[in-house]
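Try each task yourself, then check the worked solution.

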Amino acid sequence: MPEPVHHQINTARKTFQALYKISKLLNTNLDPTTLSYCVRLCENGVNPQALATIVKEMQREAKALNNTSTYTSKK
C-alpha cells in the first residue's frame, strides 16, 4: 500500500535538509534554492561532475565581477 502523501513530503523535506547541511559543511556556497535546482538536474540525468564544474566556474565569475565592480566603485 502506498505511503500517505504527507509522509512522503516529510521524508523528502528531511532528506533535503540533511543534504543542505552537508552542502554547508562542504562550503559549497549554495543557497537552498540553487541546491534544489542542482538536485533536480541530477535527478533528470545531468552529469553531476559536469554540473559541479559549471557551478564552480559561475561562482568564480560572479566573484570576479563583484571584485571588479567593487574596485571600480572605490576609484
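**Exercise 1.** About how many helical turns separate Glu57 and Arg60 in helix 3?

*Solution.* Keep in mind that you're looking at a predicted model. Start with the sequence: Glu57 and Arg60 are three residues apart in helix 3, so about one helical turn separates them. Next, look at the side chains, which meet in a salt bridge with an N to O distance of 2.4 Å. As a general point, side chains of opposite charge can pair when their charged atoms come close. Finally, search the whole structure: one salt bridge turns up.

**Exercise 2.** Describe the overall fold and surface of the protein.

*Solution.* Count the elements to begin with: there are three helices and zero strands. Reading along the sequence then gives the pattern α-α-α. Of the 75 residues, 9% count as buried. The accessible surface comes to about 6,600 Å², and 61% of that belongs to carbon and sulfur atoms.

**Exercise 3.** Work out what lines the largest pocket.

*Solution.* First take the volume, which is about 290 Å³. The lining has 15 residues, and Thr28, Leu30, Leu35, Cys38 and Ala52 lie nearest the centre of the pocket. Two or more lining residues come from each of helix 1 (5-25), helix 2 (32-43) and helix 3 (48-74). Helix 3 gives the most, with five residues. Now sort the lining by type: twelve residues are nonpolar, two are polar and one is charged.

Then zoom in on Ala52, which lies in helix 3. Its relative accessibility is 35%, so Ala52 counts as partly exposed. Ala52 and Cys38 are 14 residues apart in sequence, and their C-alpha atoms are 8.8 Å apart in space.

**Exercise 4.** Which residues form a nonpolar patch on the surface with about 360 Å² of accessible area together?

*Solution.* The patch is made of Ile22, Leu25 and Leu26. Pick out Ile22 and you'll find it in helix 1. To join a patch, a residue needs over 30% relative accessible area. Ile22 has 45%, so Ile22 is partly exposed and clears that cut-off.

Definitions and conventions: Residues are numbered from 1 along each chain as its sequence is written. This is a predicted model: local features need pLDDT of at least 70, side-chain atom pairs count only at pLDDT 80 or more; totals for chains, interfaces and linings use all residues. Side-chain values use heavy atoms; hydrogens and water are left out. On a 1 Å grid over the protein atoms alone, a cavity is a set of points where a 1.4 Å probe fits but cannot get out, and a pocket is an open set with protein on both sides within 12 Å along at least five of seven lines; lining residues have an atom within 4 Å of a point. Grid points are joined across faces, edges and corners, and a volume is the space filled by probe spheres set on the points. Helices (H or I, at least four residues) and strands (E, at least two) are DSSP runs, numbered from the N terminus. Ala, Val, Leu, Ile, Met, Phe, Trp, Tyr, Cys and Pro count as nonpolar, Asp, Glu, Lys and Arg as charged, and the others, Gly among them, as polar. Patches are made of residues with over 30% relative accessible area and no salt bridge: like charges are joined within 9 Å, nonpolar side chains (Val, Leu, Ile, Met, Phe, Trp, Tyr) within 5 Å. Accessible areas come from the Shrake-Rupley method with a 1.4 Å probe; for residues, only the protein chains shown count as cover. A salt bridge is a side-chain nitrogen of Lys or Arg within 4 Å of a carboxyl oxygen of Asp or Glu. Buried means under 20% relative accessible area, exposed over 50%, partly exposed in between (1.4 Å probe, protein chains only).
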